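I opened the model to look up its domains, a sheet, a helix pair and the chain contact. My entries follow.

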Amino acid sequence: MKKMVLLGDEAIAQGALDAGISGIYAYPGTPSTEITEYVQFSKQALQDNVKFSWCANEKTAVETALGMSYAGLRSMACMKHVGLNVAADPFINSAITGAIGGFIVVAADDPSMHSSQNEQDSRFYGDFAFVPVLEPTDQQEAYDMVHYGFDLSEKYEIPVLLRITTRLAHSRSNVIVREKRPQNKPKLPTDPIRFVLMPFNARRRYKILLDKQPDLLKESENSPFNRYFNAEDKSLGIIVSGIAYNYLVENFESHKVPFPVLKISQYPLPKEQIERIFDECIEILVIEEGYPFIEDKLRGFLGRGLKIRGRSDGSIPRTGELNPSIVGKALGIEYKTGIKPPEIIVPRPPSLCQGCPHSVTFEALNIALDGYSTGRVLSDIGCYTLGALPPYNSINSCVDMGASITMAKGVADAGFHPVVAVIGDSTFSHSGITGLLDAVNDKSPITVIIADNLTTAMTGGQFSPSIGKIEDICRGLGVEEEHIRIFEPHHRKLNEIVQILKEELNYRGVSVIIPRRECLVTLTKRTREERKKAQAKKV
Amino acid sequence: MKKDIIISGVGGQGILSIAATIGYAALEASLYFKQSEVHGMSQRGGEVQSHFRLSDKPIASDLIPEGKTDMIISVEPMEGLRYISMLAPDGWLITNTTPFVNIPNYPDLDKILDEIKKFPNNIAIDAEKIAKEVGSPKSANIVLLGAASRFLDIDYEILKNAIKTVFYKKGEEVIEGNFRAFEAGRKIAFNL
């Protein structure tokens, strides 16, 4: 029996390698990044020739993984919850084409929005697409569910959604790992017509997808991950999903809950077990991390019948991450209030690193825009989003990947000038390029700053898909050569940079300004590694 | 045996090295453990904490229940106080006294230290200074781990082996420096 110490994310990655995966595709996003990063640096993955890519965005990742499944191999696409919005089109439609090689999409949700713009619950996507959802309780289940998920996917020729949340993604524990099984042999489909979603065929495939549902329900009812724990006290029945199960049992001596508990880790919801707990118990408490997905389904629109408590009815706070105390309180367990933190403590928000190239860009931008009314800098998602906070207060929006350029165009269309978009290099490749094309086609008077630090910095320095290609991409889209301005954002060049910004702010067309200097974090890491290599050579 | 520990500080202060060391030690001591970390945006100079749970029985929750923490190890004085509501009445606050000032409104340090002293079970040490004194200026975090080791219920040799494992890639010199930092912190805790 081999044991490893793994983060939840790493357990998924190791599970995939041991379950015979052939390709993993992702765009980095907290809390999902470490899954693909683990494969990237894994010797086992290298030996087995497992393909991995940091893709341009989640949509390209899911499509590539689907292509690999089409060719008979096991594949995975990994993303944070909001990434699944970007990949929703291929994800939903892949349920209709169906999979061939085992195909798992991992969505890592972020309740409490530790590093996100919202706390959407990916289980709704599984429901929406009519595909099975797996929701692990701990690192061991995360590992085991990858094997199980690939098998389920191949058995029913259907994509499987693996849903985790931040806490499991970034918590480490012991995991028992299995012997590696062989990868599939590549083979083109014998009936490729099923992947042609023209109306005549899409109607046929959609019916096939719906016809699979009773079998998927049976799988849930027989799933080793959905468990019914009977108990004496039937005054309450508890339905609990995923990681919330741990918070529940934490509240009881030897983890023994005095009420019947139905633990759910596989969807569609297991009907048989739910009927049983409804028949046996007087009242139901639903504990789930995320939205009240199970609770609202069970209560229905009219809410008649058995009393159901949970996040919707206010027994548990509607928003934010759960923990043992929140769950305990919903069960009426008293928690002694801890010592109150002294009032002198102040929050310490995240900030740009000392000497970060973005700080120079923001300083220059503030000077260049001095005299104009505020509210004309639309921005995006990355380290530079921290420019919204003091001391910079430079940017006015952060909505979704790529929205800086397109929203800036909208503001310009509304008649304002100058209008600025601030976007990073990686976000530009993710979803900025198409928006820039729109702006060029309309000759919109916007100044686009592509703050190029040569990496995907916020998530820890992954490959930036448009590295070395940004100005060529802009030229190709039709941005005029004289309005593509590139410089190194150094403090000593501040006046020069302000001058460039002012010139382009005055231009009534599309300008692209590229402040380019490597992220200090990746620079330090790279220098250290290079020094080490040089030393090793000397020895 | 059960130890619930919160390790706190500012992103980049070596919190994960403390957690990794206890993790390796737990593994060698055949204990169950769960360690929850903060990745992402907060790592950019923001407040970060790690929940570390150790036990000889299986552990359910990745998070420590409110008011049940046995020990807070803080690499930064204000950050230790931030999670004080998590501490059990008889829990220990083991903290560095050197502040990490990256915000304009950092409170008066003397007031912070006064608040720390209000706890009967506190060990407040200038870990930066001690690390420098033992010739390993980057090991303030391991000085604090040394102090915490008094309450960890893990064999001394096992902890030292874990330090070796964590800093293995950085070479013999770094390992020795961290050993000295560990010893210095441990000595302070035992001489209280």
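Domain bounds, as I use them, come from an automatic or database domain assignment. On that basis I find chain A divided into domain 1 (2-211), domain 2 (227-330) and domain 3 (357-523). I looked up the spacing of domain 2 and domain 3 of chain A: their centres, taken over C-alpha atoms, are 47 Å apart.

I note the conventions here: the model is predicted, local features need pLDDT of at least 70, side-chain atom pairs count only at pLDDT 80 or more, and totals for chains, interfaces and linings use all residues. Residues are numbered from 1 along each chain as its sequence is written, while chains are lettered from A and ligands numbered from 1 in the order in which they are written.

Entry: sheet in chain A. I take helices (H or I, at least four residues) and strands (E, at least two) as DSSP runs, numbered from the N terminus. Two strands pair if DSSP finds at least two bridges between them. I found an open sheet of five strands in chain A, in the order β9-β11-β10-β13-β14, and its pairing is mixed. β9 (227-229) and β14 (307-309) of chain A are at the edges with a single partner strand each, so one side of each has no neighbour in the sheet. From one strand to the next the twist averages 20 degrees. Angles run from 0 to 180 degrees between N-to-C directions, and axes are lines fitted to C-alpha atoms, for helices over the stretch in contact. β13 (residues 283-287) of chain A runs parallel to β14(A), joined by three bridges. In this pair I see Glu283(A) opposite Lys307(A) of β14(A).

Entry: helix pair in chain B. The axes of α6 (residues 156-166) and α7 (residues 172-190) of chain B come within 9 Å and cross at roughly 145 degrees. I count residues as in contact if their C-beta atoms, placed from the backbone, lie within 7 Å. α6(B) contributes Lys160(B), Ile163(B) and Lys164(B) to the contact, and α7(B) contributes Ile175(B), Asn178(B), Phe179(B) and Phe182(B).

Entry: contact of the chains. Chain B gives 37 residues to the contact and chain A gives 36 residues. On the side of chain B that touches chain A, two or more residues come from each of α1 (15-28), β2 (32-36), α2 (77-82) and α3 (109-117) of chain B. β2(B) supplies the largest share of that side, four residues. β2(B) also pairs with β8 (residues 171-177) of chain A, antiparallel, over three bridges. There I find Ser171(A) opposite Ser36(B) of β2(B).

Notes. Contact = placed C-beta atoms within 7 Å.
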